[in-house]
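Colleague: Could you take me through a few features of this model, step by step?

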Amino acid sequence: MTMQNRYPLYLANRPQYSEATLDVTDKYTGKVVSTVSLANTNMIDRAIEAAVEASDAMRQLPPYRRQRILNHCVRRFEERADALADSLCVEAGKPIKDSRGEVTRLIDTFRIAAEESVRIEGSVLNLEISRRAEGYRGMDRRVPIGPCSFISPFNFPLNLAAHKIAPAIAAGCPFVLKPASRTPIGALLIGEVLAETDLPRGAFSILPCHRDAADALTTDERFKLLSFTGSPEVGWDLKSKAGKKKVVLELGGNAACVVDQDADLDDAVERLIVGAFYQSGQSCIGVQRILVHHAVYDRFRDKLVDATRQLQMGDPKDESTFLGPVISESEGERLKGWIDEAIAAGATLLCGGGRDGAMVEATLLENVPETLPICAQEAFGPVAVLSTFQDFDQAIKQINDSRYGLQAGIFTRDLYKALKAWDELIVGGVVIGDIPSWRVDNMPYGGVKDSGLGREGIRYAIEEMTERRLLVIRNRV
């Protein structure tokens with residue numbers, strides 16, 4: 001797997017190398033494989049000014065040209081799919097099969113944005129609601145909100161950056177993006193493709209930088225929107241500092257999944273293996289809490305434990321690897337500490353529990369006190385907690401008894417229970433017959449409570465990045 005020795009940042013559409021650099025490591029071996037250029041506060045200020053200057057040109061860019069730019073990206077990502085997957089596998093430690101899957105989602109995200117770019121529509125309004133409004137008519141349309149600030153996370157370096165970049169181009173908004181310091185290369189590769197297009201000068205900047213240099217991405221009043229994906233602690237702190245700008249937060253969770261007594265247990269096990277352990281559990285909607293009806297609990301538990309023990313852990317470059325490393329050894333140490341804390345408090349270790357550096361075994365626990373971090377907080381690793389319930393109302397209450405509310409999964413064949421879950425679960429999305437980790441890139445995605453604010457998913461992100469502008473006409477004839 002070949003990577004460049006050094007990657008530039010992108011300032012006002014153009015590649016630029018800086019004296020300061022950031023090492024990027026192979027997350028499996030821990031070895032430095034590349035460096036990226038780091039932006040300083042002066043570069044960030046120049047990027048913001050360039051975005052402001054590009055605002056008119058981006059707003060005036062006809063939709064068909066926005067679509068052409070996005071379709072160019074789709075073609076280039078398809079041509080470079082293998083290289084994109086290889087770099088993702090190295091910098092994120094994501095198994096190569098999963099890395100290829102993320103590249104397909106990157107392509108999907110830009111393709112959807114290209115489609116949506118030419119159907120951002122308004123409406124005709126009937127204003128004649130009383131005698132005084134007779135002869136008036138109205139209409140509205142959506143206009144770009146202006147320069148946007150984006151901060152993306154490490155776990156999906158390509159697609160979660162794409163979920164900010166692609167709708168911004170579709171909407172006509174210039175932007176400055178800060179990628180995660182642990183996985184900056186994916187966003188820079190997107191920047192490499194964007195630099196091939198005829199986007200107006202200043203339309204985009206992609207700037208790896210240290211957190212202490214990036215305050216302006218949150219506080220600068222020239223930005224009209226901040227979109228952040230990451231931890232709740234950081235996200236809500238950024239919101240408190242964001243001032244008057246609009247804020248969209250896609251934060252964490254401790255996603256729950258119900259297995260009711262009428263569920264197909266083999267199917268549920270197959271899907272929950274993916275939900276709990278896909279990319280080492282490092283997903284905001286990774287399955288962390290599994291609630292199983294008491295009548296089928298023993299059978300389900302035994303099947304899930306057997307399937308978990310068969311997962312292959314190792315080098316993410318190996319085609320047969322299912323479970324690679326977590327993002328860092330320190331995160332592995334934290335997870336191991338949470339697991340050991342639960343066991344010391346009386347939890348039963350069903351399988352896993354071991355750690356070697358950043359490699360954490362797929363772990364299942366039961367009888368975990370609900371107040372412990374491994375249950376109540378976001379684990380963000382290959383760990384799931386099993387518990388039982390007697391009736392469906394109890395399960396709903398247990399899911400809602402959380403500071404988070406991103407998505408929930410329900411394995412049931414009962415239509416009334418499915419609708420009850422949709423009515424009563426305090427989450428952003430309810431998935432019936434599957435895991436809460438299921439997502440496609442055109443659906444509205446986001447959470448409530450500590451899990452976030454606003455929605456992603458291309459059409460919904462475009463709505464966040466645009467504002468309604470009203471036109472009223474008085475007919476005097």
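Colleague: In which strand does M139 lie?
Modeller: This is a predicted model, where local features need pLDDT of at least 70, side-chain atom pairs count only at pLDDT 80 or more, and totals for chains, interfaces and linings use all residues. Residues are numbered from 1 along each chain as its sequence is written, and side-chain values use heavy atoms, with hydrogens and water left out. Strands are DSSP runs of E with at least two residues, and helices are runs of H or I with at least four, numbered from the N terminus. Residues 136-144 form the strand that holds M139, namely β7.

Colleague: What is the relative accessible area of M139?
Modeller: Buried means under 20% relative accessible area, exposed over 50%, and partly exposed in between, with a 1.4 Å probe and protein chains only. M139 is partly exposed, because its relative accessible area is 33%.

Colleague: How many residues of strand β11 are buried?
Modeller: In a regular strand the side chains alternate between the two faces of the sheet. In β11, L225, S227 and T229 on one side are buried, as are L226 and F228 on the other, so that both faces are covered. Strand β11 (residues 225-229) is therefore largely enclosed by the rest of the structure, the number buried being 5 of the 5.

Colleague: Which residue of β12 is the bridge partner of S227?
Modeller: Two strands pair if DSSP finds at least two bridges between them. β11 and β12 (residues 246-250) pair in the parallel sense over 5 bridges. Within this pairing, the partner of S227 is V248.
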